[in-house]
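Here are my notes on the model, as numbered points. Please read them with the structure open.

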Amino acid sequence: MSHLQFHVKKPLTEHHMPGGKSKERFFLFSLAGIQFTHILDFMIMMPLGPDFIRELNINTHEFGLLLSSYTFAAAIAGVFATYFVDRFERRALLLSLYVCFIIATLVCGLAPDYHSLFIARAFAGAFGGILGSLVQTIIADSIPFERRGKALGTVMSAFSVSTVAGVPLSLFLANNIPSLGWRAPFIFIALISSLILYLGYRNIPKISGHLGHSHAGSRLSQIWNIFVAHQHLRAFIFMALIMLTGFSVIPYIALYLTSNVGIDNSYISLIYLCGGIVTLMSSRLIGHMADRYGKVKVFRVLAVISLVPLLVTTNLMPVPLWVVLINSTAFFVLVSGRMIPAMAIVSQVVEAKIRGTFMSLVGSVQMLASGLASVIAGVVVTIGSDGKMEHYNLVGYGAALCGLLTFWLVGYIHTDKQAH
């Protein structure tokens with residue numbers, strides 16, 4: 001693969017990716033690799049929950065705080081990023097932030113105690129959060145709206161790959177390298193990220209079409225105007241509700257299955273593996289369906305159907321493993337699948353010259369909402385004297401309500417393309 005020499009000097013939303021399908025494929029693969037590592041860095045915390053609680057001697061509330069240190073830092077960093085994200089060429093900014101993310105993740109693996117891990121997770125979250133919104137901005141800048149659902153499906157399949165390969169492999173390393181334990185996954189992620197950094201350097205083109213636009217007024221007033229525009233506020237609330245639906249439930253699935261459903265801890269990686277494999281196959285299909293049948297219509301179908309495995313998950317009694325696998329796989333496919341049409345809709349709310357700022361704010365809202373979700377759920381659920389989780393069903397009912405609100409709100413998000 002030779003280094004791409006083309007520069008994108010104007011917004012690409014009206015054009016095809018230069019260099020043909022082959023270079024577009026490597027371009028999307030590189031972006032998917034970046035998404036894979038920072039999503040895995042976030043996701044690995046959840047199945048390792050029982051390990052952290054045991055080895056660091058913390059409770060569910062402190063574990064929730066450990067998760068939210070990543071998400072709240074990502075939310076704050078996303079707001080800070082609005083000051084500069086549209087002022088730099090996209091490729092250089094993306095790769096620079098990725099280097100910082102790799103260093104922060106490695107430090108997580110070297111952290112000696114809970115408090116230092118908490119701080120290291122915050123730094124990893126700060127860089128990872130900006131990376132997530134910047135990748136989505138680059139796709140929106142580079143791929144026409146008519147094909148964007150499929151492109152987002154490709155890149156967002158990184159979530160599936162992280163559950164198919166990343167999470168089980170990370171858990172395997174944590175369980176089979178006693179000298180490292182929970183540290184092993186973070187060192188593994190840092191090593192894989194270094195390889196993806198090289199691929200990104202070779203395959204991501206310069207994207208500068210958003211530069212050279214004059215902006216009236218101070219930067220703070222520009223950001224405020226972007227934030228408070230009615231159509232933007234609806235998009236922010238919509239994304240917050242999506243995250244509240246999923247991330248009030250997801251962080252505590254492993255703990256609930258082992259303590260309440262009676263699933264052995266060794267099967268947790270199998271649950272993530274099965275969910276990830278099917279999600280990997282379904283992500284591109286969902287993206288294709290969103291492009292063909294309409295983003296709003298496909299989102300609404302997924303939003304409603306996803307409530308079934310969500311409510312089953314939070315009310316599950318001791319059942320055979322195969323029942324758990326069917327339900328958890330459906331949960332992964334449907335809950336993550338909603339994000340594909342949702343991001344395609346939201347990415348087209350604004351024009352290219354302010355898209356980086358807008359998507360950074362969207363990323364901040366997503367991370368803030370997911371952090372709040374894990375903290376609120378961590379307060380609601382408790383560990384009883386018998387070692388079982390209590391009140392997880394209440395978390396499920398609240399998540400379902402948020403899911404129903406997204407079904408209603410998506411119809412009020414207007415884009416400058418026909419998303420319906």
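1. Start at a loop. This is a predicted model, and H391 is found in the loop between β4 (389–390) and α17. H391 is not a glycine, yet its phi is positive, at about 75°.

2. N57 has a positive phi of about 55°, and N57 is not a glycine either. The place of N57 is in the loop between α2 (49–55) and α3 (60–81). N57 has a relative accessible area of 69%, so it is exposed. The cut-off for that class is over 50%.

3. Helix α17 covers residues 392–409, and helix α13 covers residues 307–314. Their axes come within 8 Å. They cross at roughly 165°. Angles over 145 degrees count as roughly antiparallel, and α13 and α17 are therefore roughly antiparallel to each other. The crossing of these two helices is right-handed.

4. Which residues make the contact of α13 with α17? From α13 come L307, L310, L311, T313 and T314. From α17 come Y392, N393, G396, Y397, A399, A400, G403 and L404. By class, this contact has eight nonpolar and five polar residues. It has no charged residues.

5. Stay on α17 for one more residue. T406 lies in this helix. T406 has 0% relative accessibility, so it counts as buried. What does T406 touch, leaving out residues up to four places away in sequence? The list is F238, L241, I242, F299 and A303.

6. Next, a pair of helices with another geometry to inspect. Helix α11 (residues 268–293) packs against helix α12 (residues 295–305) at an angle of about 130°. Their axes are 6 Å apart. The angle lies between 115 and 145 degrees, so α11 is oblique to α12.

7. The contact of α11 with α12 can be listed by helix. On α11 it involves I286, M289, A290, D291 and Y293. On α12 it involves K295, K297, V298 and L302. The classes are six nonpolar and three charged residues, with no polar ones.

8. Helix α6 (residues 145–176) holds A158. A158 has 2% relative accessibility and therefore counts as buried. A158 touches A32, Q35 and F36, not counting residues up to four places away in sequence. How far is A158 from L31 in sequence and in space? The two are 127 residues apart in sequence, and their C-alpha atoms are 9.1 Å apart.

9. Last, the whole protein. It has 17 helices and four strands. Of its 420 residues, 60% are buried; T406 and A158 are examples of buried residues. Take the contacts between residues at least 6 apart in sequence: 85% of them join residues at least 24 apart.

10. One figure for the surface. The accessible surface of the protein comes to about 16600 Å². Carbon and sulfur atoms account for 69% of that area.

Technical notes:
Residues numbered from 1 in each chain as written. Predicted model: local features only at pLDDT ≥ 70, side-chain atom pairs only at ≥ 80, totals over all residues. Heavy atoms only, no water. Axes fitted to C-alpha atoms, helices over the stretch in contact; angles between N-to-C directions. Parallel < 35°, antiparallel > 145°, perpendicular 65-115°, else oblique. Left-handed = near helix turned anticlockwise from the far one by under 90°. Contact = heavy atoms within 4.5 Å. Nonpolar A, V, L, I, M, F, W, Y, C, P; charged D, E, K, R; others polar. Buried < 20%, exposed > 50% of the residue type's maximum accessible area, 1.4 Å probe, protein only. Areas by Shrake-Rupley, 256 points an atom, 1.4 Å probe, with all protein chains shown as cover.
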